[in-house]
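This report goes through one protein chain, topic by topic. Please look over the sequence and the model below before reading on.

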Amino acid sequence: MLSLFVTVLVFTGVVCSSDSRASQDVHSPSENYLMSIWHNRLYVYSAAALLFGVWLSLKMALKNKSFSKDAALWVRKAEQKNNSSSDRDAEVHVSGVKIFYGSQTGTAKGFANELSEEVNTLGIPAEVIDMKDYDPDDQLADECVSKSVCVFLVATYTDGQPTENAEWFCKWLEEASTDFRYGKTYLKGLRYAVFGLGNSVYVGHYNTVGKNVDKWLWMLSGKRIMTRGEGDCNVVKSRNGSVQADFQAWKVKFVNRLQALARGEKKSCNGNCKTGGSCKNKKKEKQEEEERAAAQNNSSEEELIESSSDEEESGPSDEKKSGSVVDMEDLGNIMNSIKKAKAKGEVQGDGQMVKLSKLNGVKRVEDEEERREMITPALREALTKQGYKLIGSHSGVKLCRWTKSMLRGRGGCYKHTFYGIESHRCMETTPSLACANKHHTNPVGTEWRWKMDPAEKILQDAVEKHQSMIRQFRGVPGVKPERYEEGLSVKHCALSLVGEPIMYPEINAFIRLLHFYRISSFLVTNAQFPQEIRSLVPVTQLYVSVDASTKDSLKKIDRPLFKDFWPRFLDSLRALGEKRQRTVYRLTLVKAWNVEEMQAYSELIALGQPDFIEVKGVTYCGESSASSLTMANVPWHQEVVAFVQQLADMLPQYEIACEHEHSNCLLIAHTKFKVDGEWWTWIDYERFQELAKAHEESGGQQSFSALDYVAKTPSWALFGAQEQGFDPTDTRFQRRNKTKDISGC
């Protein structure tokens, strides 16, 4: 095209030149010049076009060069930024490794030290921790944000129980995993690995502790970095020939996984990501969260726990070999099997009506806002075995052994000796089985989060069930007919069973109903709710349990839920001191735990200024996972007497008033109840009911005090009397060839 254009220009130029020469002689020079330009105008146009094209081309070239420089600069800056960010992240992927061991014979401890040396050679700090020296309640949550990796080497001891040094850690972990106050995400961010030591000869208990620790950590949203390892002391069935070889094989995998974590690597992509982006599956995450919620509601479903996903697993081959963890791809089949095995639509779990979700059959609460029942099926079974008659969704009543004793004329409880209660007419109940301390198997919580039954219904059912239990003694040999008839008419109510009655939101309504039916009220609180104590209406006698005299010993004995349990405890004692009606400190002596804290006890008494102080040796109720007490912690009656005498000597306004040797209990009373050298610790119950009625009718304007309804204490109930607190109108009955019962009621 360009050549054709040049040819045309040349031809045109030749023709024009011929024409110009032919006309040169006719015109003047100036005219000839202008004519020449006109005839050669195509050359002028072409030159102008050429110059414009050259200028335009140069301009475009310069612009492209500048853009390339800017783009290169931008790319270099972005690369530098990414490189610096990567360098920063690489420094904190793993800050260290904490190796916890639970060992009885030293094998797990040896493995822990061996693993520590191996990790240190990688340049990663490692710390070996004895589980008995670690407080998970205060420290474990810190591991979620410390970038550390926690390794648990735990052995299974007798009957599938943890070793002695791991008992408390495992107990705490088990309770936290099912305790809604911690929440299912309490350990979110914790990276952990578990290796269990066991012996497959013990069928049913093989590696139980390792499995449980792995399960409980997962239920609290801890993240496994690799599949749980299991060492088998049974060389016949050990995968690698011995427990040492099993550990060595697991250790190699752990070290490789740890190195990958230290480099910031995560589980490799399987290449099936459609977007080419992150492999993290949000739907899978949601499934896992629902599994955890279901697991907390029904932790006995082992299939559910064992089917959990390992987000940072070492590889699918490990999972298949171990047989302990199933991939999420198989979760649907497993959960559908669980679903088919249960009733369609709705199933009952832990006291909740829950509905199976369409998503792999994971249980989901029908209405998350709906409050659940306090009494779960497991709790119902446990309390029923203990003799409780359960009421509604959170209350219970129980027949005291002293009620049975007094029906037979064999003596009453220490409250009969100290305050004149008729034990066979006393109903022991509670409107709340929940408590803010974890020293029983009952539910725990720091506030009311359950369904609530009306006070009228609780009292009505409690009286009916109590009367029903009394009727079972009709015609029983030894039961006195007149006391049987009296026993059907409830006169006293002891709100002192397991749980915290003052937690019940309608406790004041319940107390008013008791007084309306002329039933006296004896309420016991565990000193964790000071505001509720202050707002409490007058009761016949208000107790505060003082189970220890120092912060550390109280934490050890009561295991309170509140972080500020000690300030709450002290404020509860102050609140008790503000009450005008009868108040009591109930001191429980635990031998070798709190009997050495005499001065601290006296300071607590000065803080609340109670009317009475009951000092009682702890009752041993048998072995329990919720308590570590043994018979060695139960003081003899002589030891309690010695303690009380020393304590009374430190209290200028108090003296020992009464004694009930059978219950291993003594009463220290304020000297204001000693009139003209005689003790008036008993209660005029009819007078109290009149005062309480007048108080209610006046809208609280007409008040009254503890001295307004006192009665004289009989001589047989006084400290130092020959009867030692046993009512002489009854007959002392002692079983032959039986060890003396020092525990009391």
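## The nonpolar cores

Leaving out residues up to four places away in sequence, Val615 touches Leu587, Leu589, Val640, Phe643, Val644, Asn664, Cys665, Leu666 and Ile668. Contact here means heavy atoms within 4.5 Å. Val615 belongs to the largest nonpolar core, which has 83 residues. Together with Val546, Phe569, Ile613 and Leu647, Val615 is among the members that touch the most other members. Another core, of 27 residues, lies apart from it and includes Cys170, Tyr192, Val213 and Trp216.

A nonpolar core is a set of buried Ala, Val, Leu, Ile, Met, Phe, Trp, Tyr and Cys residues joined through side-chain atoms within 4.5 Å. Buried means under 20% relative accessible area, exposed means over 50%, and partly exposed is in between (1.4 Å probe, protein chains only). In soluble globular proteins, nonpolar side chains tend to be buried together.

## How the model is read

The model is predicted, and local features need pLDDT of at least 70, side-chain atom pairs count only at pLDDT 80 or more, and totals for chains, interfaces and linings use all residues. Residues are numbered from 1 along each chain as its sequence is written, and side-chain values use heavy atoms, with hydrogens and water left out.

## A buried threonine

Is Thr525 buried or exposed? Thr525 has a relative accessible area of 1%, so this residue is buried. Thr525 sits in strand β14, residues 520-525. Helices (H or I, at least four residues) and strands (E, at least two) are DSSP runs, numbered from the N terminus. With neighbours within four places in sequence set aside, Thr525 is in contact with Glu500, Ile502, Ile533, Tyr543, Val544 and Ser545.

## Salt bridges

How many salt bridges does the structure hold? There are 24, a salt bridge being a side-chain nitrogen of Lys or Arg within 4 Å of a carboxyl oxygen of Asp or Glu. One of them joins the side chains of Asp135 and Lys555, at 3.5 Å from N to O. This pair links distant parts of the chain, 420 residues apart: Asp135 is in the loop between β2 (126-130) and α5 (136-139), and Lys555 is in helix α20 (residues 551-558). Asp135 is partly exposed at 21% relative accessibility, and Lys555 is partly exposed at 31%.

Arg534 and Asp571 also meet through their side chains in a salt bridge, at 2.9 Å from N to O. The two residues are 37 residues apart and link distant parts of the chain, with Arg534 in helix α19 (residues 530-534) and Asp571 in helix α21 (residues 565-577). Arg534 has a relative accessible area of 29%, so this residue counts as partly exposed. Glu690 and Arg687 form a salt bridge in which the closest N and O atoms are 3.5 Å apart. Both lie in helix α24, three residues apart, which is about one turn of the helix. Glu690 is partly exposed at 46%, and Arg687 is partly exposed at 35%. Elsewhere, salt bridges that share partners join Asp214, Arg224, Arg228 and Glu230 into one network.

## Positive phi angles

Most residues other than glycine have a negative phi, and most peptide bonds are trans. Lys147 has a positive phi, near 65°. Lys147 lies in the loop between α5 and β3 (148-155) and is partly exposed, at 43% relative accessibility.

Arg559 also has a positive phi, near 50°. The place of Arg559 is the loop between α20 and α21. At 11% relative accessibility, Arg559 is buried.

## Cavities

Rolling a probe the size of a water molecule over the atoms shows where empty space is left. The search uses a 1 Å grid over the protein atoms alone: a cavity is a set of points where a 1.4 Å probe fits but cannot get out, and lining residues have an atom within 4 Å of a point. Grid points are joined across faces, edges and corners, and a volume is the space filled by probe spheres set on the points. Two cavities of 30 Å³ or more are found in the whole structure.

The largest cavity has a volume of about 50 Å³. Its lining includes Leu536, Pro538, Lys579 and Thr583. The second largest cavity holds about 30 Å³ of space, and its lining is made of Lys491, Arg518, Ser520, Tyr685, Glu686 and Gln689. Helix α24 (residues 685-697) gives the most to this lining, with three residues.

Definitions and conventions:
On a 1 Å grid over the protein atoms alone, a cavity is a set of points where a 1.4 Å probe fits but cannot get out, and a pocket is an open set with protein on both sides within 12 Å along at least five of seven lines; lining residues have an atom within 4 Å of a point.
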